[in-house]
Amino acid sequence: MNERPVKLACRHVWKIYGPHPERLLANGAAPTLDDIRRSDHVGAVRDVTLDVREGEIFVIMGLSGSGKSTLVRCLSRLIEPSGGEILFNGQDLLKAGAAEMIEIRRHRMGMVFQHFALLPHLTVLQNVAFPLEIQGIARDVREARAREVTALVGLKGREDYYPRQLSGGQQQRVGIARSLAVEPELWFLDEPFSALDPLIRREMQDEFLRIQNQLHKTIVFITHDFDEAIRLADRIAIMKDGAVVQVATPEELVLAPADDYVAAFTAHVPRAKVVTIGRIMTPGVAPETAGSLPASARVEDVADRIEAAGLPHAVTDAAGTVIGHVGARAVVDVLIGRGT
């Protein structure tokens, strides 16, 4: 992950609501939360610095009011930041003019929000093609692209349906297809599945991962659901009171929380959901093995296979080289919370 180029970077980004935020940030000042509140301002985003790397799913999470949605809107300049830098492929978006930002959002960014915002008088195909129509793309070209992404999200055969004829999950698929129609470099998703029933939500997570495995988009994904975050994320940023408390992999967050807040946030997460085989393996090659597993595999996903085998499994790195081995005892230790 660290070898991938940075697609989007924040450098000391602030969003302060109130009469004179510029006074609080004058001369590079970094006011505390108490400073902001005493001056009758609200610190929605406070001094956020982070990198989103090409092709990763970067999840931002926190409790309601933590600033996660405001931060994402600052990243696309749907909300104007009070200070800092936002670098997209090295270009500072805060120096781009209004017309240039419109073009960037139209052609290079995709956005999906909790509320589907489908146009009720348009069919699925017309809804998906709508952003291309706004760009002035010819009808035959935009409809061909719309059919392609409609099939990609599993709605082939429903191109002529209207939103009222679709389930909630199907409507969300239309929203996802519409955002993909412009072939964005950067994809923002703000709690896109939170309004769905649990079974449909799980189905949409599966669909989302399937699409990502095909397209390898750079994704910033907001959720307040830690189970969803650890299922989808390459890395997670935890926010509190407008500030980023920790950025780490799901495994690192659970096993090495930065403070008591992150520890409380992750306290009830079953370790088997986040601990990888690489974390618990014994280095070196075993004399005899029952098979092999990638170091990135999570214990929960392979526990049955390992426990059922009479021999340890070899553990391989991303290149397929054997770097260790893991047996049933190490898996049981994780499942019962012993030693990890």
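**Figure 1. Helix α5 and the residue that follows it.** In this predicted model, helix α5 is followed by G136, whose phi is positive, near 85 degrees. The helix itself covers residues 124-134. Its buried residues are V124, L125, N127, V128, A129, P131 and L132. Helices α6 (139-152) and α7 are included in what covers these buried residues of α5.

Figure 2. Nonpolar side chains tend to be buried together in soluble globular proteins. Here the largest nonpolar core has 64 residues, and F226 and I236 have the most contacts inside it. The element that gives the most to this core is helix α5, with five residues. Another core, of 25 residues, lies apart from it; V13, L71, I104 and A237 are among its members.

**Figure 3. The surroundings of I236.** Which residues are in contact with I236, leaving aside its neighbours within four places in sequence? They are V59, M61, F226, A229, I230, Q246, V247, A248, P250 and L253. Another, F226, is named together with I236 as having the most contacts inside the largest nonpolar core.

**Figure 4. The open sheet of six strands.** The strands follow the order β6-β7-β8-β3-β9-β10, and their pairing is mixed. At the edges are β6 (109-113) and β10 (243-248), each of which pairs on one side only. On average, neighbouring strands of this sheet are turned by 15 degrees against each other, direction ignored.

**Figure 5. Strand β8 and its two partners.** Strand β7 (residues 186-190) pairs with β8 (residues 218-223) in the parallel sense over five bridges. Within this pairing, L189 stands opposite F221, and the bridge partner of L186 is T218. The chain gets from β7 to β8 through helix α8 (residues 198-215), and this β-α-β crossover is right-handed. Strand β3 also runs parallel to β8, and five bridges join the two. The bridge partner of F58 in β8 is V220.

**Figure 6. The side chains of β8.** In a regular strand the side chains alternate between the two faces of the sheet. From β8, T218, V220 and I222 point one way, while I219, F221 and T223 point the other way. Are these residues buried or exposed? All are buried. With six of its six residues buried, β8 is therefore largely enclosed by the rest of the structure.

**Figure 7. Helices lying across the sheet.** Helix α3 (residues 68-75) lies across β3 (57-61), β6, β7, β8 and β9 (235-240). Its direction is at about 155 degrees to β8. Helix α7 (residues 168-180) lies across β6 and β7, and runs at about 165 degrees to β6. Helix α7 is also included in what covers the buried residues of α5.

Figure 8. Five of the six residues of β9 are buried, and the strand is mostly covered. Four bridges pair β9 with β3 in the parallel sense. With β10, β9 runs antiparallel, and five bridges join the two strands. The bridge partner of I238 in β10 is Q246. How many residues lie between β9 and β10 in their hairpin? There are two, and D241 in the turn has a positive phi of about 50 degrees.

**Figure 9. Two further residues with a positive phi.** Most residues other than glycine have a negative phi. D47 has a positive phi of about 55 degrees although it is not a glycine. D47 is found in strand β2 (residues 42-53), and is partly exposed, with a relative accessible area of 33%. H216, which is not a glycine either, has a positive phi of about 55 degrees. Where is H216 found? H216 is in the loop between α8 and β8. With a relative accessible area of 54%, H216 is exposed.

Methods:
Residues numbered from 1 in each chain as written. Predicted model: local features only at pLDDT ≥ 70, side-chain atom pairs only at ≥ 80, totals over all residues. Heavy atoms only, no water. Pairing = 2+ DSSP bridges. Axes fitted to C-alpha atoms, helices over the stretch in contact; angles between N-to-C directions. Contact = heavy atoms within 4.5 Å. Buried < 20%, exposed > 50% of the residue type's maximum accessible area, 1.4 Å probe, protein only. Right-handed = clockwise from strand over helix to strand, strands pointing away. Core = buried A, V, L, I, M, F, W, Y, C linked by side-chain atoms within 4.5 Å.
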